[in-house]
Amino acid sequence: MERKITIIFEKLSVVAILNNSSTANKIWESLPIENSASIWGEEIYFSIPVNDVEENAKSVVDLGDLAFWPPGSAFCLFFGLTPVSSEGTIKPASPVNVIGKVIGDIEPLKSVIAGEKVKIEKV
């Protein structure tokens, strides 16, 4: 079963698909989730009410990946380079569990500002 979510910001929204990892399952069961966005380079992240351990954690991610950051119980969207990235390689602060992928254009995510309200819902 394909599990689509909508990530809604104040001026835009994106659709994504969750994978079948146990972390993605925990997040799916916790929806809807609301919080305020934080920005770190070209990554949006925010705390969510889910706790999990590293699960096939990756220290390099792909453009458009959704991930869970275990140390901060945070949901992350990667739309470009972070402050610790090297040219052409997107690196999270520490290893993350990749939980899904944004469908379509991620360019509008560059307009999201820190403190903006964000909500994740099932489609």
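Val-53 is exposed, with a relative accessible area of 59%. Exposed means over 50% relative accessible area, buried means under 20%, and partly exposed lies in between (1.4 Å probe, protein chains only). Val-53 sits in the loop between β5 (43–47) and β6 (65–69). Leaving out residues up to four places away in sequence, Val-53 touches Thr-23, Pro-70 and Asn-97. Touching, or contact, means heavy atoms within 4.5 Å.

A word on the model and its numbering. This is a predicted model, in which local features need pLDDT of at least 70, side-chain atom pairs count only at pLDDT 80 or more, and totals for chains, interfaces and linings use all residues. Residues are numbered from 1 along each chain as its sequence is written, and side-chain values use heavy atoms, with hydrogens and water left out.

Now step back to the whole chain. It has 1 helix and 9 strands. Their order along the sequence is β-β-α-β-β-β-β-β-β-β. Helices (H or I, at least four residues) and strands (E, at least two) are DSSP runs, numbered from the N terminus.

How far does the C-alpha trace span along its principal axes? The spans are about 35 × 35 × 25 Å.

Buried residues make up 44% of the 123 residues. The chain exposes about 6,100 Å², and carbon and sulfur atoms supply 51% of that area. Accessible areas come from the Shrake-Rupley method with a 1.4 Å probe; for residues, only the protein chains shown count as cover. Look at contacts between residues at least 6 apart in sequence: 73% of them join residues at least 24 apart.

Charges come next. The chain has 11 positive and 16 negative side chains. Lys and Arg count as positive and Asp and Glu as negative, while His and the chain ends are not counted. The centres of the two sets lie 3 Å apart. Each charge is placed at NZ of Lys, CZ of Arg, CG of Asp or CD of Glu.

Turn to helix α1, residues 22–30. Which of its residues are buried? They are Thr-23, Ala-24, Ile-27 and Trp-28. These residues cover an arc of only 140° around the axis, so they are on the same side of α1. The arc is that of the directions from the helix axis to the C-beta atoms.

A cis peptide bond joins Leu-31 and Pro-32, with omega about 0°. Pro-32 is in the loop between α1 and β3 (33–36). Ile-33 lies in strand β3. Ile-33 counts as buried, at 2% relative accessibility. Beyond four places in sequence, Ile-33 touches Ile-27, Ile-48, Pro-49, Val-118, Lys-119 and Ile-120.

Most residues other than glycine have a negative phi, and most peptide bonds are trans. Two residues here have a positive phi. Asn-56, which is not a glycine, has phi near 50°. Asn-56 is in the loop between β5 and β6, and at 66% relative accessibility Asn-56 counts as exposed. Ser-73 has a positive phi of about 45°. Ser-73 is in the loop between β6 and β7 (74–78). Is Ser-73 buried or exposed? Ser-73 is buried, with a relative accessible area of 13%.

Phe-68 is in strand β6 and is buried, with a relative accessible area of 0%.

Finish at Ile-113, in the loop between β8 (97–103) and β9 (117–122). Ile-113 is exposed, with a relative accessible area of 51%. Leaving aside neighbours within four places in sequence, Ile-113 is in contact with Ala-37 and Ile-39. Ile-113 and Ile-27 are 86 residues apart in sequence and 23 Å apart in space, C-alpha to C-alpha. And the starting residue? Val-53 and Ile-113 are 60 residues apart along the chain, with 29 Å between their C-alpha atoms.
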